[in-house]
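Dear colleague,

Please find below the structure that I am handing over to you. My notes on what was found in it follow directly after it.

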Amino acid sequence: DMTVCVLGSPTAFLPVLLEGGTRCPGAMVLCLSPAWASRVPSETSPGAWSLLLSRGVSFQAGGHSTLETFAPPRRANYVTGTFATGGPESGWVGELARDLDCPTGGSVPLAHRLEDTLVTRWVLAARAALPVPPTLAFVLGAGVDLPAEPVAPGVRVVRLEDPQGQESLVQEEVGAFLGGTAMEPYSQVGMVGGHGGGGQGHAEGAAVAQAVGARLRGLREEDSVLLEALVPTARLPAPPPRSPAPRLPVALRICTLVCRSWGDRPQLCQVACGVGRAEAPVRHGAALPQGLDSSLQQWGVVASGQRQALATRLRGAAEAAMAALLAAEAELSPQQRGGARAHTDLLGVDFLLACVDDALELVALSANSQRCLETCLLAEAMGHAVGEPHGDLPRLLAEALLHRAQCHLVEGKDILLIGAGGVSKSFVWEAARDYGLRIHLVESDPQHFAAGLVETFLPYDSREHRRDEEHAERVTELVRSRGLRPHACLSYWDDCVVLAALVCQRLGLRGSSPAAVRVAKQKSRTHQHLQRCRRGRPPPAAFAVPCRRLRSHGDVERAAGAVPFPAVAKLEFGAGGVGVRLVENPGQCHAHAARLWRDLRDDADHPGIGLGWGNAMLLMEYVPGTEHDVDLVVFQGRLLGAWVSDNGPTRLPAFLETAACLPSCLPTDRQAQLVRAALQCCLACGLRDGVFNVELKLAPSGPRLLEINPRMGGFYLRDWIREVYGPDLLLAAVLVALGLPPVLPARPLPRAHLAGVMCL
C-alpha cells in the first residue's frame, strides 16, 4: 500500500495532492490533525518511528477526495508537510515527522536552516559559486551553523565574543565594508536579523554602524545581524513604443522553485516574478506574480534569443543552488536534520536581475522552504483563470513524491535474480545496494565476482538452456531448501530470461509467461508468430520480416527460395550482434553458416551470446532504413514509459552498431511510430508485464521489427536513459516484478544529449 502523507495545511500542496490522486488513486493522503496520526517504534530501523494514519483525506482520479478512517491504520511511505518556521501547524507537523523510518521531505530543523539568510547565502556563494549581494555578517560566538573560518566571495563573517564591549570592532568592520570595492556600485544598504525586523537606508558609515550596534544589543547565540548591499534591478532602455512620461524605478524579484527529481538531481519546476518599488526589497506575497518572459520583455530584453539565454542561465543557477544546499545538508548529523531519513526535496531560491560591468547578472538572494511554492502555485492558478493550459508544476512535484515513496517500498525486498551476467552488468550490484534490495543470486559460475556482493549466492550450472524446464525445478528446490521467500524474480541477462520466467511461474511470482518469453527469445519464432497476428490497424504482422530457421546447409537452400537477397544471416538465439552478417547470395550464406557452426558450438566458445540455446541460425530479409532501440516499461498491458535511441550506421557486411545517440534525432511522429510498433509486437507475443528492449528498423514505409529482448536494455542503455531522462530501468523492472506500476515521467523531457562512438 503506497501512502504519501502531507501533514498540515493543504493550501500549498492541494494541486499536488489532486495530481497525485490522478496518477496513483488513493496513494496521496492529507492529514489535517495530530489526532489523525500516531507514531510507533519502527520494526526495521532501531531508534526511528513509523507514522501510522488512522484518518485522512485521500485523493482519487478526477479530483475526488474522501475523508476516510483507516482500519488498520495506514503506514506512511513518504511524509512531507508545512514545516515553515512560525507556521500555525509547524509544531505538531514537526513533531509527527521527526525521526521517521520513511523518507521525509523536509523537517522543522531543515526549514529553519533554509530560512537562515546567512547560512544559505554563504552556501550559495561558497558552494554554488553564485553571485550574492555584498554581505557583512556579525554572529555571536560559534552559534551559527558555518565553518570555523567561513570564506565565500562577497560574504564576510565577523564573530563577536561580546557585542557590548566590541563597538570599535563593529565600527571598523562597517567602515571597511562600506568603503570596500565590493560596495562601490551601490549607494544603499539593508539590514537583516537581530531584533526589530529588516531595514534599509543610505550607506553612511557612522549612522550604519550605530544602527548595527543597536541591533547587536541583546543578540542571542543563534542570532546574526547582516548588513547587505541593496542591489538595484538592471535598468535597460524602454522597449517601444516609448512614452514621454517618466519611468519610475522598480525592482524585479525572480522566484524559482526546484525539486529533488529522479536520481536525486535538482530540477527547476517553475519560475514566477514579483515587481515592486525600487526603494524597498520586493517580498513574497506583496504583489501578484507574473511570468519570466513577459517580465524580461517589460524590462527591455526585446530579443527572444536573449530572453531564452537568460532563462537557461536561470535554470542552471537555480539547480546549482539546490545541489549546493543539498550537499551542505548531507554533511549534517541525523539530529541536525530532524531524522536520518529527513532531506529537503523542495525549495525556493530567489534571484535579482542586476547589471554588473554592463552585463546582465543573476544575483542569488536567499532560499526558502515554502514561499516560492505558494507563489508559483498562485501563478499557475491565475493562468487557469484566463485559459492557460495546465503547467507542469503539480505533475513534477507529484511524480517526485510518488517516486520517493516507491523507492522506500522496495527497501528490504527479497529479489531472486537469475544470472549475474558479465562486467557490463556491474551496475546491478551497486544499484541493489543503493535501493536497499536483498539480492539472492542464482549463477552458473561458482567463482563469479558478484558472489560477495549479494545477500545469498546460489551456484547452479544452468548454461545448457535447452534443459530450462529441468533447471527451473532444481532452482525452485534450491530456493525453498534455503528457506528463501523472494518477493520477486527476474533476470537482466539475456541467456536466463526463459529460466527466470519458469521459476516465477513455479514460485507464484509476477512476470510474463514462459510461453511469451520463449516466443520473444527465439528470433524466427517471434516473426512467424507475428505474421499470424492479423488483427488491428495496422496488425502486428505489418512489422514482421520474412525469415527462415537454418540448422543445416539444406535449410539454407530451402530458405533461399523464400527470403530475397540481400539478406541477413544471424544466430537464432544470439545477442550483442555477434555473428550477424549481410549475405548477397546463397553461396555467401553457406560460407558464413559453415564458419559459425565450426567456431561457435557452445557457451564456452563465446559466453553470453546465447550459445547455451544451441547455434542454430536464421536467414531474414534485409530491411533498409535507420536502426533504433525502443525501451519499454509495460504493466498489465499498459505502456508506462518508452524511450527511443538511435544507432549509427553499421560497417557492412557486419551489423555491430558504430555509434549511438539519445534522445533520438527523429521527429516525434516517427518516434511515435517506433514506440507503437514495439508495444504492439510485445503485446502480440504475450509480454504484458516487464521492461523490454525492442530493436527496429525505420524504413521509408514505417517500422519493421528486428528482434525483441524480453529484458531490460543492455550495454549503455540503462545508464544513458537515467542520465538523460532520470528514471532507472532497473528499478522499474523490480517494481513491475513486485506488482507495482512504476511512477515514470508523464512527459519526459531530455535534460542532456548523449552521443557515443563504439570502439570495436
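Thr476 lies in helix H13 (residues 468–481); helices (H or I, at least four residues) and strands (E, at least two) are DSSP runs, numbered from the N terminus. Thr476 has a relative accessible area of 3% and is therefore buried. Here buried means under 20% relative accessible area, exposed over 50%, and partly exposed in between (1.4 Å probe, protein chains only).

Please note that this is a predicted model, in which local features need pLDDT of at least 70 and side-chain atom pairs count only at pLDDT 80 or more, while totals for chains, interfaces and linings use all residues. Residues are numbered from 1 along each chain as its sequence is written, and side-chain values use heavy atoms, with hydrogens and water left out.

The chain as a whole

The protein chain has 21 helices and 31 strands. Its C-alpha atoms fill a box of roughly 100 × 65 × 50 Å along the principal axes. Of its 760 residues, 55% count as buried.

Domain 1 and domain 3

The area buried between them is about 2200 Å², of which carbon and sulfur atoms give 68%. Buried area is the accessible area (1.4 Å probe) that two parts lose on being put together, summed over both. In domain 1, Val16, Tyr78 and Leu110 lose the most area to domain 3, together 25% of what that side buries.

Across this interface the rule finds eight residue pairs in polar contact (both at pLDDT 80 or more). A polar contact is a pair of N or O atoms within 3.5 Å; within protein, one must be able to donate a hydrogen and the other to accept it, and residues adjacent in sequence count only if both atoms are side-chain atoms.

Which residues does Ala405 contact, leaving aside its neighbours within four places in sequence? They are Met2, Val4, Asn77 and Tyr78. Ala405 lies in helix H11 (residues 393–410) and is buried, with a relative accessible area of 0%. Ala405 and Thr3 are 402 residues apart in sequence and 7.3 Å apart in space, C-alpha to C-alpha.

Salt bridges

A salt bridge is a side-chain nitrogen of Lys or Arg within 4 Å of a carboxyl oxygen of Asp or Glu. By this rule the count comes to 41. Across the interface of domain 1 and domain 3 the rule finds one. The side chains of Glu399 and Arg23 meet in a salt bridge, at 2.6 Å from N to O.

Arg718 has a salt bridge with Asp719 (3.1 Å, N to O) and another with Asp728, the closest N and O atoms being 2.7 Å apart. Asp728 lies in the loop between helix H20 (717–724) and helix H21 (729–737) and Arg718 in helix H20, so this pair ties together parts that are ten residues apart in sequence. Both Asp728 and Arg718 are buried, whereas Asp719, at 37% relative accessibility, counts as partly exposed.

Six of the eight residues of H15 are buried, namely Pro514, Ala516, Val517, Val519, Ala520 and Lys521. They pack against H14, helix H16 (523–531), helix H19 (668–685) and strand E30 (702–709). Gly508 is found in the loop between helix H14 (497–507) and helix H15 (514–521); at 65% relative accessibility, Gly508 counts as exposed.

Yours sincerely

Methods. Contact = heavy atoms within 4.5 Å.
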